[in-house]
Amino acid sequence: MSSARFQLKEILDGMRPLSAQEREAARSLLLRKIELVDMGDDFVPDRKLYAPKANIEARLLEGCLGIQGPTNGTWTEGMFDAFFREHFVGGCYLWVEPLAERSPEPVFWAPYSPERRDWLYVYASELGMRPCGMMRADGGLAICADLDCDFTFVFGDFALVEIFDKAFGGRQKLCEEFLDFLETNEVDLGNGNIYEFMKVFLPKIIGCAR
């Protein structure tokens, strides 16, 4: 992802920083949906992963924020953009996890667009490959990407996640495609290969298992 597309550049879409009050309200909404999960890495015991809470409807996609689509799956970047243009209509919060904190930090409000999504990817990358995401104003739909390990959670209210399922071929198909992605990847994280961890953790999130 080193092409000109992935450079931090100005986009004239009306993006604005959040006030302190807005940041706290958005963080509160987000923390009702996600939490840090212990990955069980014996060599790095504090290594954790942001994931939706057990009572939150969630799905998983290969890749970061839909960029370039999946290697194994059948959905496309265009499908991703079309869905979130529609369901983030009016704009969304952009957030990152700063390196110095263990808490998501909503930082901007902006319309959804492929260009702004790419901008968020670069912004989080330049902070040190930090987790990042987008959330609509009511917290009813959100995405959370782990840049280190190249996958994205889509989560929120049941009705909206059900619409997402229909747009992307169904929950079972999404499960199978993500499991295929896990089977073909590994990361050496001491004794905590994140892809092996996700195979164990998946049933707890979305009931995907083989």
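User: Why is Arg-116 said to lie over the face of Trp-119?

Analyst: A charge counts as sitting over a ring if NZ of Lys or CZ of Arg is within 6 Å of the ring centre and within 35 degrees of the ring normal. Arg-116 lies at 4.9 Å from the ring centre of Trp-119, over its face, so the distance falls within the 6 Å limit. Do keep in mind that this is a predicted model, where local features need pLDDT of at least 70 and side-chain atom pairs count only at pLDDT 80 or more, while totals for chains, interfaces and linings use all residues. Residues are numbered from 1 along each chain as its sequence is written, and side-chain values use heavy atoms, with hydrogens and water left out.

User: What makes Tyr-50 and Trp-95 an edge-to-face pair?

Analyst: Rings of Phe, Tyr and Trp (its six-membered ring) pair if their centres lie within 6.5 Å; planes under 30 degrees apart are stacked, over 60 edge-to-face and the rest tilted. The whole structure holds 19 aromatic pairs. In the one formed by Tyr-50 and Trp-95, the centres are 6.3 Å apart and the planes stand at 75 degrees, so the pair passes the distance limit and is edge-to-face.

User: How do you know that this pair links distant parts of the chain?

Analyst: Tyr-50 belongs to strand β3 (residues 48-52) and Trp-95 to strand β5 (residues 92-96), 45 residues apart. Helices (H or I, at least four residues) and strands (E, at least two) are DSSP runs, numbered from the N terminus. Tyr-50 and Trp-95 are both buried, where buried means under 20% relative accessible area, exposed over 50% and partly exposed in between (1.4 Å probe, protein chains only).

User: And why is the pair of Phe-84 and Phe-88 called tilted?

Analyst: Their ring centres are 5.1 Å apart with the planes at 45 degrees, so this pair is tilted. Phe-84 and Phe-88 are buried, and ring pairs join them into a cluster that includes Trp-75, Phe-80 and Tyr-112.

User: What makes the buried residues of α2 line one face of the helix?

Analyst: In helix α2 (residues 77-87), Glu-77, Phe-80, Asp-81, Phe-83, Phe-84 and His-87 are buried. Down the axis they fall within an arc of 165 degrees, so they line one face; the arc is that of the directions from the helix axis to the C-beta atoms. Among the elements that cover them are β8, β9 and α4 (158-167), with contact meaning heavy atoms within 4.5 Å.

User: Why is strand β8 described as largely enclosed?

Analyst: In β8 (residues 141-146), 6 of the 6 residues are buried, so the rest of the structure largely encloses the strand. Leu-141, Ile-143 and Ala-145 point one way and Ala-142, Cys-144 and Asp-146 the other.

User: How do you know that β8 and β9 pair?

Analyst: Two strands pair if DSSP finds at least two bridges between them. β8 and β9 (residues 151-156) share 6 bridges in the antiparallel sense, so they qualify. Leu-141 stands opposite Gly-156. With β7 (residues 132-135), β8 has 4 antiparallel bridges, and Cys-132 stands opposite Ala-145 there.

User: What makes β1 and β4 edge strands?

Analyst: The open sheet has 7 strands in the order β1-β6-β5-β7-β8-β9-β4, paired antiparallel. β1 (16-17) and β4 each pair on one side only.
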